[in-house]
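Please keep the sequence and the structure in view as you read.

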Amino acid sequence: MSGIFYLFTEDYVNASNSLDKAIKLNPKYSVAHFYKGYTFSETGKTTDSLRCYNYCIDELGLKDPVAYETRGNLLKKLGREKEAEKDFNKAKELKDRARR
């Protein structure tokens, strides 16, 4: 997915456009929603970022510890410590389960 390439080269406009195309092709592509949230986060749009993270985790069922840690970090940054702690615990649980 070229959106990830653009994201990691800090070309957020092209990253966002590419991720929008991926989401349009497959609205249930949870990884595209996650990276769209990351793009929003990197450009200071925390509300939009959290919306994307919530959607890919809560609605689409993404079970990735990185997604939970990333959302937890954003929640912590927003002063929502209890919610952040839940995400950090879920990330740890997923990591522990993957090791078995």
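Aspartate 20 is partly exposed, because its relative accessible area of 37% lies between the 20% and 50% cut-offs. The model is predicted. In this model, aspartate 20 meets lysine 36 in a salt bridge, with N and O 2.8 Å apart. The two residues sit in distant parts of the chain.

**The bridge between α2 and α3**
- Lysine 36 belongs to helix α3, residues 30-42.
- Aspartate 20 belongs to helix α2, residues 12-25, and the two partners are 16 residues apart.
- Is lysine 36 buried or exposed? Lysine 36 counts as buried because its relative accessibility is 7%, under the 20% cut-off.

**Other salt bridges**
- How many salt bridges does a search of the whole structure find? The search finds 10.
- Aspartate 48 and arginine 51 form a salt bridge, and their closest N and O atoms are 3.5 Å apart.
- These two residues are 3 apart in helix α4 (residues 46-59), so about one helical turn separates aspartate 48 from arginine 51.
- Aspartate 48 is partly exposed at 27% relative accessible area, and arginine 51 is partly exposed at 48%.
- Arginine 97 pairs with glutamate 93 in a salt bridge, with 2.2 Å between the closest N and O atoms.
- Both arginine 97 and glutamate 93 lie in helix α6 (residues 81-99), 4 residues apart, about one turn of the helix.
- Arginine 97 is partly exposed at 45% relative accessibility, and glutamate 93 is partly exposed with a relative accessible area of 36%.
- A network of salt bridges links Asp58, Arg71 and Asp87.

**Helix α6**
- Helix α6 has 19 residues, which should span 27 Å at 1.5 Å a residue. The end C-alpha atoms of α6 are 27 Å apart, in agreement with that span.
- Which residues of α6 are buried? Ala84, Asp87, Ala91 and Leu94 are.
- Seen down the axis of α6, the buried residues fall within an arc of 85°, so they line one face of the helix.
- The buried residues of α6 pack against α5 (65-77).
- Lys82, Lys86 and Arg99 are exposed on the other side of α6.

**Aspartate 96**
- Aspartate 96 is placed in helix α6.
- The side chain of aspartate 96 makes a polar contact with the side chain of arginine 99, at 3.0 Å.
- Proline 65 is 31 residues from aspartate 96 along the chain, and their C-alpha atoms are separated by 9.9 Å.

**Aromatic pairs**
- A pair of aromatic rings is described by the distance of the centres and the angle of the planes.
- With ring centres required to lie within 6.5 Å, the count comes to 5 aromatic pairs.
- Why is the pair of phenylalanine 34 and tyrosine 35 edge-to-face? The planes of the two rings stand at 75°, over the 60 degrees required, so the pair is edge-to-face. The ring centres are 5.2 Å apart.
- Phenylalanine 34 is buried, with a relative accessible area of 8%.
- Phe8, Phe34, Tyr35, Tyr38 and Tyr53 form one aromatic cluster.

Methods. Residues are numbered from 1 along each chain as its sequence is written. This is a predicted model: local features need pLDDT of at least 70, side-chain atom pairs count only at pLDDT 80 or more; totals for chains, interfaces and linings use all residues. Side-chain values use heavy atoms; hydrogens and water are left out. Rings of Phe, Tyr and Trp (its six-membered ring) pair if their centres lie within 6.5 Å; planes under 30 degrees apart count as stacked, over 60 as edge-to-face and the rest as tilted. Buried means under 20% relative accessible area, exposed over 50%, partly exposed in between (1.4 Å probe, protein chains only). A salt bridge is a side-chain nitrogen of Lys or Arg within 4 Å of a carboxyl oxygen of Asp or Glu. The expected span of a helix is 1.5 Å times one less than its number of residues. The arc is that of the directions from the helix axis to the C-beta atoms. Contact means heavy atoms within 4.5 Å. A polar contact is a pair of N or O atoms within 3.5 Å; within protein, one must be able to donate a hydrogen and the other to accept it, and residues adjacent in sequence count only if both atoms are side-chain atoms.
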